[in-house]
Every structure is written in structure tokens, then in C-alpha cells.
Amino acid sequence: MKASLRLQDTAIRYFLEVAQLGSISEASIRLNVASSAISRQIGSLEDILGATLFERQPRGMKLSAAGEMLATYARKNALESARVVAEIGALNGLEKGHINIACSEGFAMDFIPRTISNFRRQHDGIHFHLKVCAPGDVAKLVSHGESDIGITLSLSPTKDIKVEYRQPSPIMAVFHPSHPLAHKKSVSLSQLQPYPIALPEENTTVRQLFDICCSRLNLLFEPILESNHMATLSRFTSFGGGIHLSGEISMRHQIATQELIAVPIRDRGMDVRNIEVQTLSGRTLPNVVKVFLDYLIDKMKHEETIGC
């Protein structure tokens, strides 16, 4: 029985690695195990379950419907084991822990590092790893168990994701204080057209909604700067180079210090996205993650209320 359990544990570990990488050869390199051994273990799992776990494709391995079910179960099992081990350690009275966070870049510019810094003033035994990625990849990291908490901008629901908190995040036009439009109560996209503008790349919700609205309004913009780095766009505006577009939460420190001014855009469709704080659906979070999650959500609510 014990030998069987060890064999299954190994098979599951190999299976999850192939599921993540989409390739037996890449999993072989990562695990430092022969490809043939990985193939045998996956074959053994398929025999036990009586189901095909992967669709073998020319460019790699794609999970079948049965494979998706097993991967979801196995990831949650691994996370639950890690939670129990961590909480047994906490019985010694030591406030220790490690929290993995995934977020899109705007949150990494100000809100998340500031929140972590403030949290650690009371919980200095907690360590963090922050993965910054495209908005669509945040939910993937959470659903695969690689991140405990995800903070991103979302336009639609995502499978296997529990939304712990949701907050509207309309897109704003961001100006240098000396810009002619900086002190308007609101602006339209057509008002921005005569001025130099910097835009993020197409994998961001800012750019996606901007392009949709411009198409609907028959507006054509030629950005003088495009970048996959939101901080670059922000610095470009602070140096007086032009306008850029952003959510308010990304710019809170610069807005509070009046280095930059954010003005609402009144065109329909520039306000349809939400900030989401995400966790894996069905997972019991470790206590240390729950404490930080509550703290994070409280900060979001409080700052939204006072309009920081």
C-alpha cells in the first residue's frame, strides 16, 4: 500500500509539471528526470483512472477534460497539505509565513508595495513573493495554485476563481499639472485627440477599452509612445511629454502629492472594468494568507471611501 501511494504521489507530481509546461521534454528538464520515466508515470495514472489525461498534439500536451479535473483536484490537495504544515508550525507561537501574490503592473507601482510595507510593521515574520504579469495571467496563476492571492483588472468572470472583493476602476486621463486639460472635471476622448498621448500595449484592459471606444466613436489616435511598462508611461507624463491613461489606484501616491492629475473620461465604455481580489475557488486559505487578505481588502475599501 505504501509503495502504491509513493508511486501515485510521484505520478501526480510529474503529471502536474507536464500540465503546467505543456511538454514532457520541458518537464524532464525541470524535474531532472528522463522523459520516458515521466511518460510511464502518466501512462500509469491513465490506466488507474481509465481515462486519457492529455491530448497529444504536435506542439505539446494539452489537458483533456479528465486531465483538467485531475489537475484541479491535485493542485488543491497540494495547497491543503502546505496549509496544514504551515499551521502546525504556527502552533509554536512563531508568526511566520510566506504569501505569494500575482498582480497586473498598475498595482505593483504603488498600492501593493505600500500595503505590504505597512502590513509588515505589525507582522514582520511574514515574507512575500510578488509576480507581476499581464492581467489575464493573474487568474491563471491563482487557479494553478502558484499564487495565493491575485489582484487584477477584469472584464468578465473566470473559471475556478473566487472573487473576494470587487471595486469599479474606470480609466482616467492622466496629466501633468501644467497641461491645459488638467483641471477639468471630466474630459472626452475627442478632447484628448489634439495632444501627444502615450498608451500601453494591447494585452492591457486600458488599451482594449480605449481601442473599442475609439472605434465606436470613429476616433483615430497615433500614440507617440507605446510601452508594456506602465511606470514608463507615468514618468513620461510627469516629465511633461504628454497624456497617458491609467486607473486611479495605480497613481494614488502621485495624485496625492499632485505630481500628476487624473481626470475622469466621460465616454461610455471607459468605466466597465473592475478591480478584483481573487483566490482559488474551494481552497481553504492558510491563516496568514487570510489575515493579509482581510488587511488588503480593508485598505482598498478605506481608500476608495476617502477618495485617496
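Modeller: Angles between axes count as roughly parallel under 35 degrees, roughly antiparallel over 145, roughly perpendicular from 65 to 115, and oblique for the rest. This is a predicted model, in which local features need pLDDT of at least 70, side-chain atom pairs count only at pLDDT 80 or more, and totals for chains, interfaces and linings use all residues. Residues are numbered from 1 along each chain as its sequence is written, and side-chain values use heavy atoms, with hydrogens and water left out.

Biologist: Are helix 2 and helix 3 roughly parallel or roughly perpendicular to each other?

Modeller: Helix 2 (residues 24-31) packs on helix 3 (residues 35-49) with the axes 9 Å apart and at an angle of about 110 degrees. Axes are lines fitted to C-alpha atoms over the stretch in contact, and angles run from 0 to 180 degrees between N-to-C directions; helices are DSSP runs of H or I with at least four residues, strands are E runs of at least two, and both are numbered from the N terminus. The two helices are therefore roughly perpendicular.

Biologist: Which residues of helix 3 make the contact with helix 2?

Modeller: Contact means heavy atoms within 4.5 Å. Helix 2 contributes Ile24, Ser25, Ala27, Ser28 and Leu31, and the partners from helix 3 are Ser35, Ile38 and Ser39.

Biologist: How many residues apart in sequence are the parts that glutamate 276 and arginine 166 tie together?

Modeller: These side chains meet in a salt bridge at 3.3 Å, N to O, a salt bridge being a side-chain nitrogen of Lys or Arg within 4 Å of a carboxyl oxygen of Asp or Glu. Glutamate 276 belongs to strand 12 (residues 274-280) and arginine 166 to strand 6 (residues 161-168), so the separation of the parts joined is 110 residues.

Biologist: What relative accessibility does arginine 252 have?

Modeller: Arginine 252 forms a salt bridge with glutamate 248 at 3.0 Å, N to O. Glutamate 248 is partly exposed at 23%, while arginine 252 counts as buried, with a relative accessibility of 5%.

Methods:
Buried means under 20% relative accessible area, exposed over 50%, partly exposed in between (1.4 Å probe, protein chains only).
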